[in-house]
Amino acid sequence: MPAEFDSFTSGNVETRRRRLLTEPPVVRTTLLTLGIGFLVLFIGLPLVTVFTEALRKGWDAYLSALHEPAAFAAIELTLTVAAISVPLNMVFGVIAAWCITKFEFRGKSFLITLIDLPFSVSPVISGLVFVLMFGLQGWFGHWLSDNNIKIIFATPGIVLATIFVTFPFVARELIPLMQQQGTEEEEAAVILGANGWQTFWRVTLPNIKWALLYGVLLCNARAMGEFGAVSVVSGHIRGKTNTMPLHTEILYNEYNFVAAFAVASLLALLALVTLVAKSILEWKLKQAHALHAKSIANAES
Amino acid sequence: MSIEVKNVSRVYGSFAALNNVSLSVKKGELIALLGPSGSGKTTLLRIIAGLDWPDAGDISLNGKSVIGEGASERGVGFVFQHYALFKHLSVFENVAFGLRVRPRATRPSNDEIKDRVMRLLKLVQIDWLADRSVTQLSGGQRQRVALARALAIEPEVLMLDEPFGALDAKVRLELRRWMRRLHEEMGMTTIFVTHDQEEAMELADRVVVMGQGKIEQIGTPQQIYGHPINPFVYEFLGQVNRLPCTVAGGVATIPGVAVEPSFRVRQFDGPGVAYIRPHDLEATPGKDDGVVRVLAPSGPTIKFEVELKNGNGSVEVQMNTGRFEALKIAPGMSVGLIAHTFKVFDPSQVDGEANGTTSSAAHA
C-alpha cells in the first residue's frame, strides 16, 4: 500500500496531470508543424521575398531605385497623406467615441454602425464615391472646375479617400475601453469644478492614452498602405499622384522588379515597425485594463 | 448651506424615479436619505449636486435657485459610491485636483496647495499615503481619499452616495463613528444616501425615508422609529409581525395574541392589520397560543419563532435573555403571547397577506 501511495504522490503527479490535460505528442507535433508551416509559407516567405527581390542586384541598385524622382515623390506623397489624415482621424475618432460613450441620445446605435461602414464597404467603392461626388461628372464637378479646385486626381482626393477608409480605427479602439470605464471619474472632475476641456485633458485622455495610440498606429499603417480607394481617386500620375503602393504596382507592371520591390520593402519595413510598436502598446493596454479591473476589485473588497 | 428641494420630479423613460419630492435641509444638518434600491434616493442626491436634472421642480441652495447651474458651479462636495478616484493620479494629486483646475485668478499657489492637501490628508489620517497610487489602496483608504478630495474645494455641503456600502463590516463601523465626529467638528451641511437603517439611525440628525420615488416620512431617528406613519416605513425600519385584528372603541383584539389591557389604539376602528415589533411581544408559559419553534440567541436578547395554534402562521418574538431563562422557555413548549404595544393600519394600505409572517424589508 505505502509504495503505491508513493507513486501516486511523488514527482509523477506533474507528469500525470500533463498527460491528462494535453494531447499525445504525435498530435501536438503535427499541429505545431502545420501551424508553423502555414505561417512560414504564407507570411514569412513573402516577406523574405520582398527583401531578396529588392536586393537582388545589390545595394547600389536598391538605393538608386529609391533615389529615383518618381519614387521619391511617391514616398513624399504617402507621408503627406498620412500626416494629414491620421491626426484628423485621431481627433474625429476621439470625438465620436466621447459622444457615444459619455452621452445618451437617440440614434446612437445607428452612429456606431455608420462608424463601421468603411470596414464593410470595398475600398474601391469608397474611392468611387468620391469620384462620383467630386469628379468632373460628379455632383460638385462643375462648381469645382469653375472655381479651379482639383480634388479628384490630386492630393485632396487621396487624402479624402484615406480619411474615409481609416476612420474606424481610432473610434473602434476607444469605444469599448471608454464604455468599460464609465462616466464616474468625469462626473467627479466636474463636481470638483473642472470645465469640459479640463475634464477631457486631465481625466479622460490619461485613461485612454494607450488605446488611442494603438488606434492611431493601426490607422497610420492603413493610411500608408491603402491601395484600392486611393487607386480610384489618384489617376496614377507619375511623380504627382502616386502613393507608394500605387508606385509599386506601376513599377511592377513595367517589369522593373528591383525598383518595385525596393519601394515595397519600405512598406514592409513600416509593417514590421508597426508590429513591434503594436505589441508594446498591447502590453501597455493590458496593464491599463488590469489596473481598471484591480481598482474595481479593491474598491469592493 | 441650506438646501430647498421643491416639487422635484424625474422620469427615466416610463419609470418615475422621483415623483413630486419636496425637502428642506437646514444649515449644518446631517441628513440621511434612507430607502430600498429603486426608491430614488440616489437620483435625489445627484439632482441636488447637479449631476442630474429634474424634469420639474426647483432646487435652491442658500435660498438661491441653482437649477440653471451645472455641477461645477454649485460648489458641493460629493463622494461617489465607488469613490471614482482618478486612477492615473497619486493620492496627493487626487486631493489637489479641485484646486488645480481653478481659474488662475483663484488658484492657490503650489505651496498653498501642498499645505492644504497635506492638512486634509492628515485630517482623514492618511497623510503617510500621499505619494501612493490610488490603485494600491484598500477600500477604507480609498474612501478617505474620496472624502479628502471632496473637502478640498471647501464645499458648504457634503454629499455621500452609499458611503459605507462597499466596505466590510468592521471598517464600516469605524468610519461611521469617525464621520459623525468629523461632521460635529466641521459643522458642514451633510446629506448621505443609504439603504441601511441602522446606519441612518446612528448617524443622522434627521432621516428621510424614501420609497418608490416619494418621501414617505421625514423625522428624527426617534420619531421615525417610534412613530412610523405608514406600513412601508414600519417595515423598512426593522422586523415586524403582521397580524389581522379588529379594533372597537380603541380596544384591539388579535386572534391568538393577548393585548396589554391598558393599551389603546387611537384613530382607528374596525378590521385592521396589527404591526408588532418582535421586542414588543412577550411569551409566557402556561398558556396555549402557540408552540416555540426556532431559537436564535444573540447576546443580551434572544429571538425565537412561535407558531400560532390558530393557523395564522408564526410570529417572531425577541426577549431579554435573563427573563427568557427565568421563564424556562424551550423549543416545543406551548406558550401564551402578549403584545405590549403595536400599531394598526388599514388593510388596504398593506400589501401582501397579513398572516403573521415576519417581514424584514430592511435587514435586521
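This is a predicted model: local features need pLDDT of at least 70, side-chain atom pairs count only at pLDDT 80 or more; totals for chains, interfaces and linings use all residues.
A nonpolar patch is made of residues with over 30% relative accessible area and no salt bridge, their nonpolar side chains being joined within 5 Å.

**First stop: a surface patch on chain A**

Please select Leu32(A), Ile36(A), Phe38(A), Leu39(A), Val40(A), Leu41(A), Phe42(A), Ile43(A) and Leu45(A). Together they form a nonpolar patch on the surface, with about 930 Å² of accessible area. Next, pick out Phe38(A), a member of this patch. Phe38(A) belongs to helix H3 of chain A, which covers residues 25-54. Its relative accessible area is 54%, so Phe38(A) counts as exposed.

**Second stop: helix H14 of chain A**

Now select residues 244-253 of chain A, which make up helix H14. Because 7 of its 10 residues are buried, H14 is largely enclosed by the rest of the structure. To display these buried residues, highlight Met244(A), Pro245(A), Leu246(A), His247(A), Thr248(A), Ile250(A) and Leu251(A). Then move on to Tyr255(A), which follows H14(A) and has a positive phi, near 60°.

Finally, select chain B, where 10 helices and 20 strands can be traced. Its C-alpha trace spans about 80 × 45 × 35 Å along the principal axes. Of the 364 residues in chain B, 53% are buried.

Notes:
Residues are numbered from 1 along each chain as its sequence is written. Chains are lettered from A and ligands numbered from 1 in the order in which they are written. Side-chain values use heavy atoms; hydrogens and water are left out. Patches are made of residues with over 30% relative accessible area and no salt bridge: like charges are joined within 9 Å, nonpolar side chains (Val, Leu, Ile, Met, Phe, Trp, Tyr) within 5 Å. Accessible areas come from the Shrake-Rupley method with a 1.4 Å probe; for residues, only the protein chains shown count as cover. A salt bridge is a side-chain nitrogen of Lys or Arg within 4 Å of a carboxyl oxygen of Asp or Glu. Helices (H or I, at least four residues) and strands (E, at least two) are DSSP runs, numbered from the N terminus. Buried means under 20% relative accessible area, exposed over 50%, partly exposed in between (1.4 Å probe, protein chains only).
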